[in-house]
Structures are given as C-alpha cells and as structure tokens.
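Dear colleague,

I am handing over the structure we spoke about, and it is placed directly below. My notes on what was found in it follow after that.

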Amino acid sequence: MDLFRLMWKFFRVGAMNELQYRANLVLQLLQSLLGLVTGLIGLALVFTFTNDLGGWSRSELLAVMGVHIMMGGVIRMTIQPNMERLMGEVEDGTLDYALTKPADAQVLISVREIRIWQMTDVLMGVIILLIAIDQMQAGIGFIHAIGFGIAIVLGGLMIYSFWLMLTTGAFWITQVDTIIQLFDGLYQAGRWPVGIYPDWLRTTLTFLVPVAFAVTIPAEAVTDRLTIQVLAGAFVFTVLLLVLSRTVWKIGLRQYSGASA
Amino acid sequence: MKSTIRMYLGYMRLSILQQFQYPVRNYFYMVGMIAEPIIYLVVWQTVARARGGAVGGFTAGEIAAYYIVWTLVRNMNIVLTPYAWENRIQRGQLSGQLLRPIHPLHIDLAYFTGWKFVVIAMWLPIAAVLILVFQPAIQLSLGNVAAFVIALWGGFLVRFMLQWALGMLSFWTTRVNAVFQLYFTIELLLSGRFVPLSFLPDWAQSIAGWLPFKWAFGYPIEVILGRWSPQEIFFGFAMQAVWVLIGLAIIALVWRAGVSRFSSVGN
C-alpha cells in the first residue's frame, strides 16, 4: 500500500510542477499531431501500392499505430523521465539522496518523475485505436478487450524492466545518454507489426528490446490474432525480466560509490 | 585568404580530434539512426514483393540500395540545428563567439566539415554490414560516383546554410520550437528521407521540386543509383548552388539585424 501512496504523492508533485508550464501543452499537442500526420501519411502511401502488408489490412495497421503511439506516450510520460534522472544522478553522484530515503530504492527511482503533457500521446493513441477498431469489420469482443488489457500491462512492465537494465549500465559506464537515442530508434520499429521484419531483427525486437511485446502483441489481441499460449509466454517472460532487472539493479547499486558522501 | 584556409584547417582538426574522443558515443548515435532507414527499407521491400517485385520504379534490391546510401546522406545532413542556435542565444554563449575576429558561420562550417570526415570513416563498417544483410542492387559507374561525391557535399552545404538561417529566428523569439517542428516534418516528407520521392503522388513531387529539401537528400542518393541523366545531374548541381546562395543571402541580410537585437546575460 505504501508503494501506491508514494506513487500518488510523486504523481501529484510532478503534475503540479508541469501545470506551471501550460504553453508546453500546446507545443506537445503540435508535436503529437505532427507525429500522427506523418504516421498516417506513411500508412496511406503504403496502401496506395498494396492492399495488405504482411497479412495485415489497413485498419489493422491503424490499430498497431494506435497502440504504438499510446505506449510511446506512456513510456515518455513515466518510464523515460525517471530513467533519465537516474542516469544524471549516477553521473553527478547525487543518487545518495534517493538511497538514504527510507523506501525501497528501486521503487523510489522509478516513480519520482512524471511528464503529464505526454498524456496527449496516450489519448491520441487511444482515439486512433478506437477508430481502427470501429473500421474493422469484425469488431472486438469482451475477451479481446481483456486480452488487450493484460497484454498492454505486461508490455509496459517489460519495457520498464528493459529500461531499468539499460540505465543500470550507468553504474559502470557513465556516458549513456545516447542510449535514449538508441531506444527511440528501435522503438520506432514497433509502428509496424514485427512479423514483417527479417528473423534477426524480429528476434531483437522481441527478446532484446521488447517492442514486440509492448506493441505488436496488444495489437494482436484486438485484431483477433492473439493465442492464449502467446499471452502465457508473455507473462512468464515479464516475470523473468522483472526479476532479472531487479538483480541487475542490485548488483549495479553495489558498484555505486557516490560523490557527496 | 591564406589565413582563412589556415583557420578552416585548424577548426577541422579540432573537431576531428574531439569527435574521435567519443567513439562509443558516436557509434551509439549512428546505430540509433540506422533503425529508421531499416524500418522504411523492410516495409517497402515487403510492399514491393507483395506487388510482384517493384514499387514506384524501385525493385526490392534497389530499395535496399536507396536506404543504404540514405544512411550516409543522413549523417552528412546533420548540421548545426536551430535548437542548438536557440540554446546559444538563450544562454548567451553567442557573445563569446562574437568577440572572435571571424564570422561564426565560418567556425561552424569548418567544425562540421571536419566532423563529416569522422562520420564517413565510422559509416564505412556500418555500410559493409548493411550491404551484407540486405543485398542491395546497384550498378556503380565512375561518373555517377564522382557526381555523388559532389552532390553529397553540395547537399551538406545546402542544409547547413538553410538550417543556420532558420536558427537565426531565435534572435527574435525564444519560443520557435513549433516553427522548427513544422519545418522538419515538411522536410522529412518532401526530401526523399521518408520515401523515395517517386513514391509520392504527382502534386507532392512537384511541390518538392520547388523546395530545397530534395537537393540535400533524395538527389544525391538517386544520382549514385544511376537514376539521373548527366544533364539532370548538372541541373542538380546548379540547384544546390542556388539554394546555398539563397541561404547565404538570408544570412547576410538577417545577421546584422539579429546581432543588434542580441543582448547577452551573464558574461
């Protein structure tokens, strides 16, 4: 329960902080819109030449895009700002302040920052997803919605674990800011279903950078492609990643010597 | 003249040394950028195969070639961004540069030119891997390669000048982010970076013809792929020259007015 109280407190502080800068909302909205327009143009171009891309129809790909935008918003709203702050603090040696607090350090470093304006992307993604579902002839049933909900939570947790491990790398090599660039690039690949990529890239996007789990699999849930076996597999892999990332974090923490103390 | 050349060589050496200091960082950066063209490449190859081999006049192998050359052009296209300009002005760093006896344009140009040699050296192994993986179809001829080298540097100059000119907007307002983003989106779509321009509808292609973007991006790529006749190639050089001159003219006109508005805080 403490965990949720802590998260709520930080969420409120973060939200109040961001609400000071309302002009940023307009900017963020513009950025989201431009990204959306670019994505839609890409989709439209592809479908002037063909009627299906690797077995996915136009409205199904729109659903993938919706999930991609939504998940991207969640990552930039919650995961990425926290990890960026952690990287900075490891570099500066100011992580001491977080470590000396009477809470689990991993929890603390994971909930301190929130960028609420990124909510625009989350909302936009949801809208796109709903439009896509509306366009699909089949529609979606209750069971699909449940599958989607589970898949999206698992996907988010996997991305979190992945980010945490990347960031923990900061304990050994302090210059890791370009990692964000690297992740952004790879995340872009999730705009299309990973099935279209060659084997080596698909494997990378599934197990090394869990973009497939975060975007393609939730999208498979709403397009009636997801099997219970895959979902179970995703669950096992999520647990595995969570345990692994916590272990890596603990080992990394021992590496940290601080600067102010 | 002689001292200008010495200045250029000096700054170029400086940037080469600086950039080789962070090889890992530079590589991560470049690898992160590789994801974008690979995505386009795979998507369009899938489309080409679904259509039985070609799309918009490109076979699957030619699409691979297009996007592999793309990676070099993209790296050559990185210049001083308007965001860096914004930073410079907001933090007052420009005042230090104004004190030097030469125009800051020279310093930036020399610095980025030097950096490009580092970029090209680091690009070669990446290109080798991409060629092995994606099997591009390309017929190189000596003439096209030579023209490509010129077009590549010409494209760098076009983009350098225009971005520098755009960045000067920051003299008047410190909230120009929105303008930049709009500009970059149009550039992305109409330069040949997003897709080869021949994939676009005709009206979009004719708009692209009136804008500078394709001369910095799509044009050099298509030159080395052998898609342009010699006359067209020379026309391209001329267009690059025109746009560089337009950029320089804007810079010359706006610079004085801009600097007189600039007041720095702190130093």
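Please keep in mind throughout that this is a predicted model. I begin inside chain A, where A:Ala63, A:Val64, A:Val67, A:His68 and A:Met71 of helix 3 are in contact with A:Ala214, A:Val215, A:Thr216, A:Pro218, A:Ala219 and A:Val222 of helix 10. Sorted by class, this contact comprises 9 nonpolar and 2 polar residues, with no charged residues.

As for the geometry, the axes of helix 3 (residues 58-92) and helix 10 (residues 211-222) of chain A come within 9 Å and cross at roughly 135°. The two helices of chain A, helix 3 and helix 10, are therefore oblique to each other, and helix 3 passes helix 10 in a right-handed crossing.

The largest nonpolar core has 132 residues, and those that touch the most other members are A:Ala63, A:Val211, B:Val43, B:Ile63, B:Tyr66 and B:Val69. Helix 3 of chain A supplies the largest share of this core, with 17 residues. On the chain B side, B:Val69 touches B:Ile221 and B:Ile224, if residues up to four places away in sequence are not counted.

Turning to how the chains meet, 25 residues of chain B are in contact with 27 residues of chain A. On the side of chain B that touches chain A, the elements giving two or more residues are helix 2 (23-50) and helix 8 (177-190) of chain B, and helix 2 gives the most, with 14 residues. By class, that side of chain B has 17 nonpolar, 5 polar and 3 charged residues.

With best regards

Key: Residues numbered from 1 in each chain as written. Chains lettered and ligands numbered in written order. Predicted model: local features only at pLDDT ≥ 70, side-chain atom pairs only at ≥ 80, totals over all residues. Contact = placed C-beta atoms within 7 Å. Helix = DSSP H or I, 4+ residues; strand = E, 2+ residues; numbered from the N terminus. Nonpolar A, V, L, I, M, F, W, Y, C, P; charged D, E, K, R; others polar. Axes fitted to C-alpha atoms, helices over the stretch in contact; angles between N-to-C directions. Parallel < 35°, antiparallel > 145°, perpendicular 65-115°, else oblique. Left-handed = near helix turned anticlockwise from the far one by under 90°. Core = buried A, V, L, I, M, F, W, Y, C linked by C-beta atoms within 7 Å. Buried ≥ 20, exposed ≤ 12 C-beta atoms within 10 Å, placed from the backbone.
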